[in-house]
Every structure is written in C-alpha cells, then in structure tokens.
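Please read this report alongside the sequence and the 3D view. Keep both open as you go.

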Amino acid sequence: MVVVLADNPLLTVLGRRGAGAVLDALRAGDGPWTLRGLARDAGVPPATASRVVADLEALEALEKLRPGRDARIRWRPGPVADLLRALAVPDPRAETLAAFRAGYAGPADSVHAYRVEGDVAGDPRTPLRVVVLSRDEDAAWDAVGPALDAVRAAGWPAPEVAVHDPRDLDASVPADAALLAGWDVRGPAG
C-alpha cells in the first residue's frame, strides 16, 4: 500500500482513522469542547479524539485552554483552522449511491445501501454495498453495468452490487432483513 498523504501534514492528519468524525464534530459546534465530549460527539474512543486533537494542535488549528484530564479545546485563530472550518468534504458513499441510482435504468422496487455483519461504519476500507430489489432479476442485472459505468465516470469508487427478488427474501432472517431495510448513507454512523 502506498501512502500518498505522507508529504502533506494536514492531509496526513485527515487521512487517519477517526479524524474525519472528529473534524465533523468540531465543525458542527462552536466550542470549547472537553475531550470526552468531543469523542462522544464524534462517536470515536477518547484515545482517538485525543490523538486527532494533538495532531491538530501541532498544526496550530486547535488549542487547549487547560491541560490535563479536564482540558478544554477550541479553534485557534489562523489559516489552518479557517481552512478546516470551511472545508466541505464530499461524502463518497452518498455520492457513489447517487451516481449509481442516476445511472441505473432497469426495473427496481428499490435501490439502496445495506450493511453486512462486520462492516464498520465510517471505515473507508468497508465497501459501499448496494442492493437492487427487483422482481425481474435478469433485466436488473443487465442495467447494473451502465450504472457502474456512471459511478466510474463520476470518479467515485465502485460499490459492491447485489440484485435480489424481494419475494425471495425472508425478513425474519437477519441477512435478508438487512437487504430489505437498507440504511441511510447520510445518516449517523452505526
């Protein structure tokens, strides 16, 4: 695996696991924050929030008002903090799903994302999984290729795709229930 973010310290920080969630929590509020409160708002362990805060402190984007366990954290005035506060990061899962839906022209009762056991919300290594629920599976599979082409043309990573006839799925089976229900890619991590 090649680490392409290593040349830029800001991109290195943002590329670490949990950094995006902490940044989103920082951008959503006015602060100051406690470390535990920030971790809770970001949905990450306190150790992850602490590491991200330390990294952003080193870049002079954040400052601690009090050191130690009761630390209070706030944005530090300056260009890095201004950039991070204004940063509009695209949501690759939502954009991939939108591009797939836009490119899909086959029969479908529903086209949505789903998770399987072991998927970790927010982990970029967890693939986006899309299911097409259609009573005409052959025609639905024929329409998947152009939809994947639309995703690639838009520059988003290709999702894993499944096609199922909803009549063949049993809502009492957890895997089938996940396929039938789906989840909101723009919703909270879970």
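The sections below cover the chain, its sheet, its helices, its cores and its salt bridges.

## Ground rules

This is a predicted model: local features need pLDDT of at least 70, side-chain atom pairs count only at pLDDT 80 or more, and totals for chains, interfaces and linings use all residues. Residues are numbered from 1 along each chain as its sequence is written, and side-chain values use heavy atoms, with hydrogens and water left out.

## The chain at a glance

The protein chain has 8 helices and 6 strands. Both are DSSP runs, numbered from the N terminus: helices are H or I with at least four residues, strands are E with at least two. From the N terminus on, the order is α-α-β-α-α-β-β-α-α-β-β-α-β-α.

The protein chain holds 190 residues, and 35% of them are buried. Buried means under 20% relative accessible area, exposed means over 50%, and partly exposed lies in between (1.4 Å probe, protein chains only). Contacts are heavy atoms within 4.5 Å. Among contacts in the protein chain with a separation of 6 or more, 58% join residues 24 or more positions apart.

An open sheet has 3 strands in the order 4-5-6, with mixed pairing. Two strands pair if DSSP finds at least two bridges between them. Strand 4 (110–114) and strand 6 (160–164) stand at the edges. Each has a single partner strand, so one side of each is left without a neighbour in the sheet. From one strand to the next, the twist averages 25 degrees.

Strand 4 pairs with strand 5 (residues 129–133) in the antiparallel sense, over 5 bridges. Ala113 has Val130 of strand 5 as its bridge partner. Strand 5 and strand 6 pair in the parallel sense, over 5 bridges. Here Leu133 has His164 of strand 6 as its bridge partner. Between strand 5 and strand 6 the chain crosses through helix 7 (residues 137–154), a right-handed β-α-β crossover. Right-handed means that, with the strands pointing away from the viewer, the path from the first strand over the helix to the second runs clockwise.

## Helices on the sheet

Which strands does helix 8 (residues 174–181) lie across? They are strand 4, strand 5 and strand 6, and helix 8 runs at about 125 degrees to strand 4. Axes are lines fitted to C-alpha atoms, for helices over the stretch in contact, and angles run from 0 to 180 degrees between N-to-C directions.

## Helix 3 and its surroundings

Helix 3 (residues 35–42) has five named residues in its interior: Leu35, Gly37, Leu38, Ala39 and Ala42 are buried. These residues pack against helix 2 (19–28), strand 1 (33–34), helix 4 (46–58) and strand 3 (72–75). Gly43 follows helix 3, with a positive phi near 70 degrees.

Leu38 touches Val22, Ala25, Leu26, Trp33 and Val53, not counting residues up to four places away in sequence.

## Two nonpolar cores

A nonpolar core is a set of buried Ala, Val, Leu, Ile, Met, Phe, Trp, Tyr and Cys residues joined through side-chain atoms within 4.5 Å. The largest has 21 residues. Val22, Leu26, Leu38, Leu56, Leu62 and Trp75 touch the most other members. Helix 2, helix 3, helix 4, strand 3 and helix 5 (79–86) each supply at least two residues. Helix 2 gives the largest share, 5 residues.

## Salt bridges

How many salt bridges are there? The count comes to 7. A salt bridge is a side-chain nitrogen of Lys or Arg within 4 Å of a carboxyl oxygen of Asp or Glu.

One of them joins Asp24 and Arg27, with the closest N and O atoms 3.8 Å apart. The two sit 3 residues apart in helix 2, about one helical turn. Asp24 is partly exposed at 46% relative accessible area, and Arg27 is partly exposed at 32%.

Lys64 and Glu57 also meet in a salt bridge, 3.9 Å from N to O. Lys64 is partly exposed at 37%, and Glu57 is partly exposed at 28%. Asp165 and Arg167 form a salt bridge at 2.6 Å, N to O. Asp165 is buried at 7%, whereas Arg167 is exposed at 54%.
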